[in-house]
Amino acid sequence: FDVPPQQVLSKDSVPVHVDAVVYYRVDNPIISITNVVDVGRASRLLAQTQLQSILGGRTLAEILSSRDSIQQQLQQTLDEATEMWGAKVERVEFKDVRLPQTMQRAMAAEAEAAREARAKVVAAQGELNSARALKEAAEVMSRSPTALKLRYLQTLNVIAAERGSTIIFPMAMDIMGTQDFGGFALPHSRAPPT
């Protein structure tokens with residue numbers, strides 16, 4: 001039988017709308033006729049009150065995350081109570097658990113804020129790792145002037161390949177050291193030994 005839809009106030013004062021269904025069978029028809037007028041109606045009323053009682057003692061988070069255990073608890077409670085009526089409750093299932101629209105919007109906003117906060121933490125962690133890697137690279141390059149020159153030329157090469165055009169890139173003369181560029185010798189920044 002269908003348990004009439006129940007509006008339940010959870011332990012943390014959140015209104016929850018619950019639709020449930022109870023599957024039962026009559027084990028002993030003689031007891032079910034002699035001990036109760038209408039076993040179906042009595043079981044339905046008992047299911048309503050037990051559903052209100054059990055869900056009223058749980059928080060919203062417990063109701064949403066522990067549906068199976070709540071269904072089992074309700075089944076055991078109903079089965080124990082209907083045993084004296086000659087009935088056996090075989091299964092209890094929640095068809096639907098609904099929250100008010102305002103609560104759904106509030107929960108969605110809270111979840112979105114939590115996702116954004118996690119994304120900011122991940123981005124900040126990435127920036128921190130990037131800064132550490134740049135610091136290490138700068139330390140390595142500062143120990144080797146040739147590495148800095150090669151990195152400079154590699155950057156020029158990458159820029160030229162991306163654009164496909166001529167790029168004029170200013171460069172300090174002392175970075176390249178003493179080298180011959182098309183017949184022009186660049187002076188070395190250090191004074192020659194005497």
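These legends describe close-up views of a predicted model. Local features need pLDDT of at least 70 and side-chain atom pairs count only at pLDDT 80 or more, while totals for chains, interfaces and linings use all residues. Residues are numbered from 1 along each chain as its sequence is written, and side-chain values use heavy atoms, with hydrogens and water left out.

**View A. The aromatic pair of Phe 1 and Tyr 24.** Rings of Phe, Tyr and Trp (its six-membered ring) pair if their centres lie within 6.5 Å; planes under 30 degrees apart are stacked, over 60 edge-to-face, the rest tilted. The count is one aromatic pair. Phe 1 lies in the segment before strand S1 (2-9), and Tyr 24 in strand S2 (residues 15-26), 23 residues apart. Helices (H or I, at least four residues) and strands (E, at least two) are DSSP runs, numbered from the N terminus.

**View B. A charge over the ring of Tyr 23.** The charged end of Arg 91 sits 4.7 Å from the ring centre. The criterion is NZ of Lys or CZ of Arg within 6 Å of the ring centre and within 35 degrees of the ring normal.

**View C. Contacts of Val 16.** Contact means heavy atoms within 4.5 Å. Val 16 touches Gln 6, Gln 7, Val 8, Leu 60, Ile 63, Val 97, Arg 98 and Leu 99, not counting residues up to four places away in sequence.
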